Amino acid sequence: MIRTLTIAAFAAGTLALPAAAVEDVSINIAYPAELLETDTGAKTVYEEISDAAEEVCEQSSPTARLRYMLASKKCEAEAIDTAVTRIDAPRLTAIHAAANG
């Protein structure tokens, strides 16, 4: 079974910027549910989540200044946390925990 997850960045709230300065963006990722049954598969899903989070956060925040780049990293971390929590798969949660020390 293929599952779809939306990775979203709600930039105005995350970045403490005026709402008019940024847009909320999202990306859908699709993955076979069976991938979550192995460590290798869960790592693949985690990498897809991470890549999608990076992309949506870069799209939603200006990168001209260092503080915006730092805010983008915070956005990515929050988007990944949310996605891993929503999927609620033990192997994926373990990979996420290991990636974040």
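Residues are numbered from 1 along each chain as its sequence is written, and side-chain values use heavy atoms, with hydrogens and water left out. Because the model is predicted, local features need pLDDT of at least 70 and side-chain atom pairs count only at pLDDT 80 or more, while totals for chains, interfaces and linings use all residues.

**Exercise 1.** Find how many salt bridges the structure holds, and say where the partners D39 and R91 lie.

Step 1. With a salt bridge taken as a side-chain nitrogen of Lys or Arg within 4 Å of a carboxyl oxygen of Asp or Glu, the structure holds three.

Step 2. One of them joins D39 to R91, whose closest N and O atoms are 2.8 Å apart. Since D39 belongs to helix α2 (residues 39-60) and R91 to helix α4 (residues 90-99), this pair ties together parts that are 52 residues apart in sequence; helices (H or I, at least four residues) and strands (E, at least two) are DSSP runs, numbered from the N terminus.

Step 3. Within helix α3 (residues 66-87), E76 and K73 are three residues apart, about one turn of the helix, and their side chains meet at 3.7 Å, N to O. K74 and E78, four residues apart in α3, form a salt bridge at 3.8 Å.

Step 4. An α-helix has 3.6 residues a turn, so residues three or four places apart point the same way.

**Exercise 2.** Determine whether E76, K74 and E78 are buried or partly exposed.

Step 1. The cut-offs are under 20% relative accessible area for buried, over 50% for exposed and partly exposed in between (1.4 Å probe, protein chains only).

Step 2. E76, at 11%, is buried, whereas K74, at 47%, is partly exposed, and E78, at 33%, is partly exposed.

**Exercise 3.** Describe the largest nonpolar core and identify which element gives the most to it.

Step 1. Such a core is a set of buried Ala, Val, Leu, Ile, Met, Phe, Trp, Tyr and Cys residues joined through side-chain atoms within 4.5 Å; the largest has 23 residues, and those with the most contacts inside it include L5, I49 and L92.

Step 2. Two or more residues each come from β1 (2-9), β2 (25-32), α2, α3 and α4, and α2 gives the most, with eight.

**Exercise 4.** Locate the buried and exposed residues of α4.

Step 1. The buried residues of α4 are L92, I95 and H96. Viewed down the axis of α4, they fall within an arc of 100° (taken from the directions from the helix axis to the C-beta atoms), so they line one face of the helix.

Step 2. The face turned away from that buried side carries the exposed residues P90 and A98.
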